[in-house]
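Hello,

Here is the structure I promised to pass on. Please take a look at it first; my notes follow below.

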Amino acid sequence: MTFQSWYLRMSIPDLAPIRESLDARIEELEDEQKRQEERHEGDGSTPAVWDKVEPKIRRDVVEDCQEDLDGVDEQDELLRILAEWRRNENREWEFNRNSSRVENERNNIKTAEIRVWKEELIELIPESEFKTCGLCESLQMPKSDRRKSRGYVWECPDCF
């Protein structure tokens, strides 16, 4: 093992707290879905359907986040995941006027859930791992770019 690979492996933050939070959130959403299904049993109205389906949509997002974090052992992988989550948040956030109201509502739910986990991940990563913007001096964030070998480039959220 080279010094660089050892250093990268050692510099990764402890992901146990976020993994525990993800597990707890999945259980919470499963319970919420069961409660809503029991509460609205036989009710096919639009509000009842959304009450039943919202926990499932959120749980799917959380499970995807949990799957992304499995097996992470390098800081670059963690930054790549953060870049992907930011991309997913922005993609879901975009309002598509050609989409149905249902699809736009589903995207709003996904955006809200992934935003929470993106912020948690940012809190776990030490500030020293982020680059500083040369224009405004704020921290740059990784932006997903599959053309690059590491899977991301640096972007200042305040300038662009």
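**Order of the elements**

From the N terminus, the elements of the chain run α-α-α-α-α-β-β. That makes five helices and two strands. Keep in mind that this is a predicted model.

**The chain as a whole**

The chain has 160 residues, and 38% of them are buried. Its accessible surface is about 10,200 Å². Carbon and sulfur atoms hold 46% of that surface. Now the contacts with a separation of 6 or more: 62% of these join residues 24 or more positions apart.

**Helix α5**

Helix α5 covers residues 101-124, which is 24 residues. From first C-alpha to last, α5 reaches 35 Å. Which residues of α5 are buried? They are N104, N107, I109, T111, E113, I114, W117, K118, L121 and I122. Several names in that list, including I114, W117, K118 and L121, belong to α5 and are buried. In general, residues three or four places apart in an α-helix point the same way, because there are 3.6 residues a turn.

**Cysteines**

How many disulfides does the chain have? The count comes to zero. C156 is in no disulfide. The nearest cysteine sulfur to that of C156 belongs to C136, 3.5 Å away. C156 is buried, with a relative accessible area of 0%. C65 is also buried, at 2%.

Best wishes

Key: Residues numbered from 1 in each chain as written. Predicted model: local features only at pLDDT ≥ 70, side-chain atom pairs only at ≥ 80, totals over all residues. Heavy atoms only, no water. Helix = DSSP H or I, 4+ residues; strand = E, 2+ residues; numbered from the N terminus. Buried < 20%, exposed > 50% of the residue type's maximum accessible area, 1.4 Å probe, protein only. Contact = heavy atoms within 4.5 Å. Areas by Shrake-Rupley, 256 points an atom, 1.4 Å probe, with all protein chains shown as cover. Expected span 1.5 Å × (residues − 1). Disulfide = S-S within 2.5 Å.
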